[in-house]
Amino acid sequence: MMAQYLALREEAGDALLFYRMGDFFELFFEDARTAAQILDIALTTRGEHGGAPIPMCGVPVHSAEGYLARLIKAGCRVAIAEQVETPDEAKARAKREGTPSSKVLVGRAIVRLVTAGTLTEEALLEPRRANVLVALAELRGTVGIAAVDVSTGAMVLEECAPDQLGAALARLSPSEVVVPEDWPHGPDERISRPRNSFASDAGAERLKAVHGVATLDAFGDFSRAMLGAAGGLIAYLDHVGRGRLPLLLPPVARAAEAGMAMDAATRASLEILESTTGGRAGSLIGAVDRCVTGAGSRRLAEDLSAPLLDVAQIEARLALVQFWRDRPIERAQLREALRAIPDLGRALGRVVAGRGSPRDLGQLRDGLSEAMRLHHWLSGAPDRPALLDAVLAKLTGHGALTDWLSRALVPSPPTERSGGGFIADGYDAALDELRATSGDARRAIAAMEARYRDETGIATLKIRHNGVLGYFIEVGARYADALMAPDSGFTHRQTMAGAVRFNSLKLHEEAARIAEAGGHALAAEEAHFEELVAAVVAARHAIAATAAALARIDVAAGNAERASESDWCRPEIAEDAGLSITAGRHLVVEAALAKAGERFVANDCQLAEANRLWLIGGPNMGGKSTFLRQNALIVLLAQAGCFVPSSAARIGLVDRLFSRVGAADNLARGRSTFMVEMVETAAILAQATSRSFVILDEVGRGTSTYDGLALAWAVAEAVHSTIRCRCLFATHYHELARLAETCEALSLHHVRAREWQGDLVLLHELADGPADRSYGLAVARLAGVPAPVVARAKAVLEKLEATRTATGGIAAGLGDLPLFAALAAEPTPASPEQQLAEALRDADLDALTPREALDLLYEWKRALPKPKH
Ligand code: ADP
């Protein structure tokens, strides 16, 4: 056994090896230690190897999924080694090979690698989250990206420049990334695979083979980098599935500029799918999602991750939301119906991957029938928007398949297929007969028990069944003697403490009838199962399209539901560079305040070409960040095709969205935070266009006051005058207000606050004009800083302010600073030493009197900078 184990262990590579032994998966050596710790199960030992006991732990096969889920979550990969022959087959093999049967070992093989990105099991997947596997390949400076959600088969191919890879991965948020070995990019925990599996021509061939087509033209236009990535992806799936590929739908090419661009920092700071604390709670999707199906929530997550840039597409989605918004009664009925629909896409994924159960077939039957019912109902609705018609068309066409599944399956088929019992009575006459036979035999056995009791006079005689003996007759030990007699018609089988077990010829015959009929019935059910699976596999594309259509309807109805809950509006999408939001709200902050019984103050935002940069001042905690983010989120929601939390909104399409938060907020990240802040800011200056929307929150805060102010000043100028995009810039540097003197499209705003009877009242209301003062000390008092400390700070502040009045403050003179661009063009002024050298060169010594020469020497000496000590 050890040799077999070690060979499989070697093959499993860096994965833990689940080694099947009877009803358990056992783990040995280091695997056992790792798993026992993660799973918190007992670590024991078994036998020995090299003189030391072998550490071992195990999990029961029937509950293995739960353990697998925990191991995968903890970042492990698991190789499943199953018994691939029965003990009888192993014995027969031994006979053929001439090995003594005592030495024979049941053959085992790794049948699958379970990895985070290749899961299909319901228990291992989060219903509301896509599970994305990504493969990357680089070809002549372009990175090809192949992404698939193995649980539903959706596959997208795209490409990007290497420096855009981070943003693309942030959008896709994969749970596993596969790269060619020795390729230096991608996330740290990437999985390396042999380079040759990423060859583009082989990739194209693999795709063609998977989809049974001679050319990929019908699917779209794919670059060589994309095909290389696709090849690497399919090769990896082949590797982990041991030759059995999961469901793969035809690939869709995603154009580089297909949607609104957002980089990883922006996504993180806007907390789109996850809040900074890591969960769905507190994130944008957590506050928006009212979908009633897992597939709907996954679709919405994708919409929010990749907002659109195409007005027609956005309007199509909005019209569908509007349709449901205007029909509250039908919407409620629809949502009720959708709620009952099983997760078609994932059931299909399991069936195609060869891991489907009878229950999955039942789910497909129920889901497809319900989809057809929805089709009939909705096709009659008046004033249907175009997108509704388009998705309705995808809901039908499964009549023959659902009829078949309905006839073949029992109403609620089991998850376990090996036990049979899922094919309906009346579907197959031969199966019915086999069932009748074993039913007869069971009844005969029950009658036999009564007869034996009569005949022997033993009222407690029982006919029982177990896995080892099969059927047997059992009596209490004190009655056993009578049955032991040679002519009793019973044969002794086993003596237990207190009971003795017997067989009889008649019982043996009936038991054999049951076993035979049962075996044949199981085989018949198995054959029907395979047939049904084949029918589903053949219809996989149409079923996947139905699942996608249902998800789209759910997203629109869910968004309509959300919009009517809080009175959201339909945004108007424009092609200009304006942004006009009336009474906008931050839905996450609003929800948090509502819980505390507080009211959110709505604020307007009006940006236009001639007034495109708002500089926002005001006290800490005054609502600046909230205002910045709410406007970015409204833009994002609008372009994702959702209604938005405001009373009116007109959004000029945004090509790239940037959100930056000054470093002090990110101290927990532990890197040189100011460096991070500057790297992220540099990215805006390099990538933003005049169609972009940028929110900058306290940029420059991560360094000293002078540096910070200088950087904030320069960044604001560059955004205003060079990039010329729409921008909201929150800052506590009053001095920046002077930018308004030179930047014509910059205006000053502040969040209002009032001191009332010595207390600070934050009004969270945006007003025009510069902030009058910082209220820092009042905020400190509000935050509970002890009174003596605040009093001392006040004294210090008064001193500082007196100096400021005398000198004009740290920004004195900045008002005359030439603009950013002009400044950059200006030559740097000469140093005093250079000026001196210049003067020396120019001096006409012959024309000087000795007195003048001496004066000049004094003057030069004075001009020299003092030496530093
Ligand atoms: P700043 O960026 O100015 O320091 P924040 O935007 O972080 O302030 O807001 C601080 C807190 O004020 C928020 O957590 C929220 O509780 C409250 N707040 C912000 N904006 C509003 C608003 N518009 N209406 C009501 N409360 C608000």
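Hi everyone. Let me start with one term: a residue is called buried when its relative accessible area is under 20%. Keep that in mind as we look at this structure, which is a predicted model.

First stop, helix H3, residues 64-73. Which residues of this helix are buried? They are Ala 64, Leu 68, Leu 71 and Ile 72. These four cover an arc of only 95° around the axis, so they lie on the same side of H3. And what do they pack against? Their partners are helix H2 (29-39) and a set of strands: E1 (16-21), E2 (24-28), E4 (52-60), E5 (78-83) and E6 (108-114). Just after H3 you come to Gly 75, with a positive phi of about 95°.

Now over to a sheet. This one is open, has 6 strands with mixed pairing, and runs in the order E11-E10-E7-E8-E9-E12. At its edges sit E11 (191-193) and E12 (252-253), each pairing on one side only. E10, residues 176-180, runs parallel to E11, and 3 bridges join the two.

Last, the nonpolar cores. The largest has 107 residues, and Trp 324 is among those that touch the most other members. Helix H20 (residues 540-566) gives the most to this core, with 11 residues. A second, separate core holds 39 residues, including Tyr 5 and Phe 198.

Terms used: Residues are numbered from 1 along each chain as its sequence is written. This is a predicted model: local features need pLDDT of at least 70, side-chain atom pairs count only at pLDDT 80 or more; totals for chains, interfaces and linings use all residues. Side-chain values use heavy atoms; hydrogens and water are left out. A nonpolar core is a set of buried Ala, Val, Leu, Ile, Met, Phe, Trp, Tyr and Cys residues joined through side-chain atoms within 4.5 Å. Buried means under 20% relative accessible area, exposed over 50%, partly exposed in between (1.4 Å probe, protein chains only). The arc is that of the directions from the helix axis to the C-beta atoms. Contact means heavy atoms within 4.5 Å. Two strands pair if DSSP finds at least two bridges between them.
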